[in-house]
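The tour goes from stop to stop.

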Amino acid sequence: QVRLIESGGGLVQAGDSLRLSCAASGRPGTGYAMGWFRQAPGKEREFVATINWTGGNKYYADSVKGRFTISRDNAKNTAYLQMNSLRPEDTAVYHCAATGALGGWGSARTRQYEYNYWGQGTQVTVSS
């Protein structure tokens, strides 16, 4: 069973930066894509960013494009989300997700159903 654990959330002011990490354990295998999603209070969970297995293909939601950067270190089975110029509307619980093996090839994985494994989430709160 693959387990994903997020870290790095917190309370920051508008304009600040945070770096989220997502560590995968339990033999995640190879070839999987990783993604970040977020859920704000009273709203549905939404796509934020995704990265393919090699790290050469990244895709972002329009709302975070130019401010957030997704990356990964396959040797550590870890994905990251660097969040700059944070805004109050970025306040949410951020979840990382991983596809099954081979899901990290082909088109960008932006839909929740494309992901097999999910973390519990880390809270990001941005004050104005």
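Buried means under 20% relative accessible area, exposed means over 50%, and partly exposed lies in between (1.4 Å probe, protein chains only). This model is predicted: local features need pLDDT of at least 70, side-chain atom pairs count only at pLDDT 80 or more, and totals for chains, interfaces and linings use all residues. Residues are numbered from 1 along each chain as its sequence is written, and side-chain values use heavy atoms, with hydrogens and water left out.

**Stop 1: the aromatic rings**

Rings of Phe, Tyr and Trp (its six-membered ring) pair if their centres lie within 6.5 Å; planes under 30 degrees apart are stacked, over 60 edge-to-face, and the rest tilted. The count comes to 6 aromatic pairs. Select Phe 37 and Phe 47: this pair is edge-to-face, with 5.7 Å centre to centre and 75 degrees between the planes. Phe 37 belongs to strand S4 (residues 34-39) and Phe 47 to strand S5 (residues 46-51), 10 residues apart. Strands (E, at least two residues) are DSSP runs, numbered from the N terminus. Phe 37 has a relative accessible area of 1%, so it is buried. Phe 47 counts as buried because its relative accessibility is 15%.

**Stop 2: charges over rings**

A charge sits over a ring if NZ of Lys or CZ of Arg is within 6 Å of the ring centre and within 35 degrees of the ring normal. Stay on Tyr 59 and show Lys 65, which lies over the ring face at 5.9 Å from the centre. Then go to Tyr 80: the charged end of Arg 19 sits over its ring, 4.0 Å from the centre.

**Stop 3: the disulfide**

Which cysteines form a disulfide? Select Cys 22 and Cys 96, whose sulfur atoms are 1.9 Å apart; the cut-off for a disulfide is 2.5 Å between cysteine sulfur atoms. The bond joins distant parts of the chain: Cys 22 is in strand S3 (residues 18-25) and Cys 96 in strand S9 (residues 92-98), 74 residues apart. The S-S torsion is about 50 degrees, so the disulfide is right-handed. Cys 22 is buried at 0% relative accessibility. Cys 96 is also buried, with a relative accessible area of 0%.

Technical notes:
Helix = DSSP H or I, 4+ residues; strand = E, 2+ residues; numbered from the N terminus.
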